[in-house]
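Please keep the sequence and the structure in view while reading.

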Amino acid sequence: MQVTNVVIESCDQDREDNRIIRDELGGDPPFVYTHDRPTNPLLWIPDVHAWAWGGSGSMRAKIAHRITVV
């Protein structure tokens, strides 16, 4: 998947997120990543999908076409 920009929800573990990204992808990752406040509505979309997928049953069936399990 081609990714050019990743937005990560900011919290008390931002430094740890940065360290993990550097450890896994090196000092020059193939995308730009930033932390943003949880008040950004676009960050709610993955939370809703994770909630629906984790709930299984009818909610999982409703979003299954949007999820790729790797």
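## A linked group of charges

In this predicted model, Glu 16 counts as partly exposed, because its relative accessibility is 36%, a value that lies between the 20% limit for buried and the 50% limit for exposed. The side chain of Glu 16 meets that of Arg 19 in a salt bridge, with 2.6 Å from N to O. These two residues are three places apart in helix α1, so about one helical turn separates them. Arg 19 is likewise partly exposed, with a relative accessible area of 35%.

Arg 19 also forms a salt bridge with the side chain of Asp 23, at 2.4 Å from N to O, and this pair lies four residues apart in helix α1, about one turn of the helix. Through salt bridges that share partners, Glu 16, Arg 19 and Asp 23 are joined into one network. Asp 23 counts as exposed, because its relative accessibility is 51%. A search of the whole structure finds two salt bridges.

## A buried aspartate

Asp 14 belongs to helix α1, which covers residues 14-25. Asp 14 is buried but has no salt bridge, and the nearest side chain of opposite charge, that of Arg 15, is 9.5 Å away. The side chain of Asp 14 does, however, reach the backbone nitrogen of Cys 11 at 2.9 Å, and, leaving aside residues up to four places away in sequence, Asp 14 touches Glu 9 and His 35.

Just after α2, Ser 56 takes a positive phi of about 55°.

Key
Residues are numbered from 1 along each chain as its sequence is written. This is a predicted model: local features need pLDDT of at least 70, side-chain atom pairs count only at pLDDT 80 or more; totals for chains, interfaces and linings use all residues. Side-chain values use heavy atoms; hydrogens and water are left out. Buried means under 20% relative accessible area, exposed over 50%, partly exposed in between (1.4 Å probe, protein chains only). Lys and Arg count as positive and Asp and Glu as negative; His and the chain ends are not counted. A salt bridge is a side-chain nitrogen of Lys or Arg within 4 Å of a carboxyl oxygen of Asp or Glu. A polar contact is a pair of N or O atoms within 3.5 Å; within protein, one must be able to donate a hydrogen and the other to accept it, and residues adjacent in sequence count only if both atoms are side-chain atoms. Contact means heavy atoms within 4.5 Å.
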